[in-house]
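I opened a new page for this chain and its ligand.

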Amino acid sequence: MSPLMERLGVKYPLFQGGMAWVADGKLAASVSEAGGLGIIGSGHAPASWVKEQIDIAKSLTDKAFGVNVMLLSPFVEQVIDVIVDAKVALVTTGAGDPSRYLERLQQNGTIVMPVVPSVAMAKRMAKDGVDGVIAEGMESGGHIGSITTMALVPQVVDAVDIPVVAAGGIADGRGVAAALSLGAIGVQMGTRFLTSTSSRIHQNYKDAVIKAKDVDTLVTGLYVGHAARVLKNPMSRNFLKLEKKIALSDTTDFSAVEELGNGSLRKAVLEGDREHGSFMAGEIAGLVKREESSEDIVEDVMRQAKEILAGSKMAALLTGQVDVQAQA
Ligand SMILES: Cc1cc2nc3c(=O)[nH]c(=O)nc-3n(C[C@H](O)[C@H](O)[C@H](O)COP(=O)(O)O)c2cc1C
């Protein structure tokens with residue numbers, strides 16, 4: 001276990017990604033209780049909601065958990081105040097540069113790890129003095145950069161001398177083993193936890209994730225400038241059509257697209273609305289086969305990772321001492 005994970009006191013180096021609208025205090029606590037580290041997604045929620053979720057998490061677990069702070073939120077200052085008051089163990093950040101809040105959080109004992117989509121961003125964050133970074137590839141559900149996890153993680157690991165957690169396209173023990181092989185100290189998973197029994201998302205959303213195949217996501221927002229990976233459904237297809245139409249026209253006014261996207265994650269999570277809801281999920285959704293408890297997810301993932309890493313399976317493949325056909 002790396003010193004950073006030891007500081008967090010986790011049994012397993014496995015974070016549940018902070019997901020706006022999805023990851024509340026109940027989901028985060030269920031993952032922390034299972035030996036990973038749950039993260040509340042504060043998104044654009046007011047500070048009072050974040051405080052409520054922190055209180056819920058504290059009532060359900062004595063273990064460490066985190067809060068994901070969306071730096072573009074209009075409530076970011078108040079959310080940071082709540083996090084400082086509650087002495088939250090870990091803050092992950094999205095959409096920007098957390099350096100303004102760094103000293104205050106770190107002096108309060110909070111570990112700060114921004115989510116980064118590129119080497120340049122990772123280097124900038126490391127220079128600012130963050131405790132580690134979460135290198136997130138574009139296979140991920142939700143807002144994404146443009147580089148795959150496989151290519152991004154080793155390049156970030158080489159570029160910075162702080163711990164790197166890998167995210168994007170990881171949903172089982174094989175993904176964990178691969179991420180550790182690339183130099184990460186642990187992983188963050190989002191999509192696999194969407195169907196946790198502790199996840200609040202609407203049954204239609206859970207069913208859509210369970211039904212999804214490898215090719216069932218698409219990326220919206222590339223032209224608008226907020227790329228996001230979502231499941232294919234009437235909403236995402238309409239969004240993409242409109243976005244493309246505007247991009248190919250003489251206007252640069254994307255307000256109609258932005259209006260279409262407004263509140264669409266909320267409609268997916270709370271109402272399961274296939275017509276107007278954005279069912280954010282990653283390319284790895286095809287591996288998610290059922291609804292199960294966070295404990296079963298964490299144990300299943302870690303058991304498989306341990307089996308792969310402890311055995312000589314991989315080394316044997318290199319030295320030709322294994323019947324590859326039989327393995328397959
Ligand atoms: C529905 C959904 C909402 C998300 N919201 C956020 C968010 O608010 N902030 C953030 O940093 N990451 C967010 N993410 C990304 C996750 O925290 C995590 O890094 C990602 O899901 C990992 O990739 P995977 O989906 O392939 O497991 C979101 C992901 C999903 C699926």
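The entries below follow that order.

**Ground rules.** I am working with a predicted model, in which local features need pLDDT of at least 70 and side-chain atom pairs count only at pLDDT 80 or more, while totals for chains, interfaces and linings use all residues. Residues are numbered from 1 along each chain as its sequence is written, and side-chain values use heavy atoms, with hydrogens and water left out.

**Ligand shell.** I listed the residues around the ligand (near: a heavy atom within 4 Å) and got 20, with Asn68, Glu136, Gly169, Gln188 and Thr191 as the closest. By class I noted nine nonpolar, ten polar and one charged residues (Ala, Val, Leu, Ile, Met, Phe, Trp, Tyr, Cys and Pro count as nonpolar, Asp, Glu, Lys and Arg as charged, the others, Gly among them, as polar). Strands β3 (66–70) and β9 (186–189) each supply at least two residues of this shell; helices and strands are DSSP runs, H or I of at least four residues and E of at least two, numbered from the N terminus.

I then looked up polar contacts (pairs of N or O atoms within 3.5 Å; within protein, one must be able to donate a hydrogen and the other to accept it, and residues adjacent in sequence count only if both atoms are side-chain atoms). The side chain of Asn68 has an N or O atom 2.8 Å from a ligand nitrogen. For the side chain of Glu136, the distance to a ligand oxygen is 2.6 Å. A polar backbone atom of Gly168 is 3.5 Å from an oxygen of the ligand. The protein covers 96% of the 610 Å² of accessible area that the ligand has on its own (Shrake-Rupley method, 1.4 Å probe; for residues, only the protein chains shown count as cover).

**Domains.** The domain assignment, automatic or from a database, gives domain 1 (8–200) and domain 2 (203–284). I find their C-alpha centres 23 Å apart.

**Lys206.** I placed Lys206 in helix α10 (residues 203–211). Is Lys206 buried or exposed? Lys206 is buried, at a relative accessible area of 3% (buried: under 20%, exposed: over 50%, partly exposed in between; 1.4 Å probe, protein chains only). A polar atom of the Lys206 side chain lies 2.9 Å from the backbone oxygen of Ser196. Beyond four places in sequence, the residues that Lys206 touches include Leu194, Ile201 and Glu291.

**Val219.** Val219 sits in strand β10 (residues 217–220) and counts as buried at 18% relative accessibility. Its C-alpha is 6.3 Å from that of Val230, eleven residues apart along the chain.

Terms used: Contact means heavy atoms within 4.5 Å.
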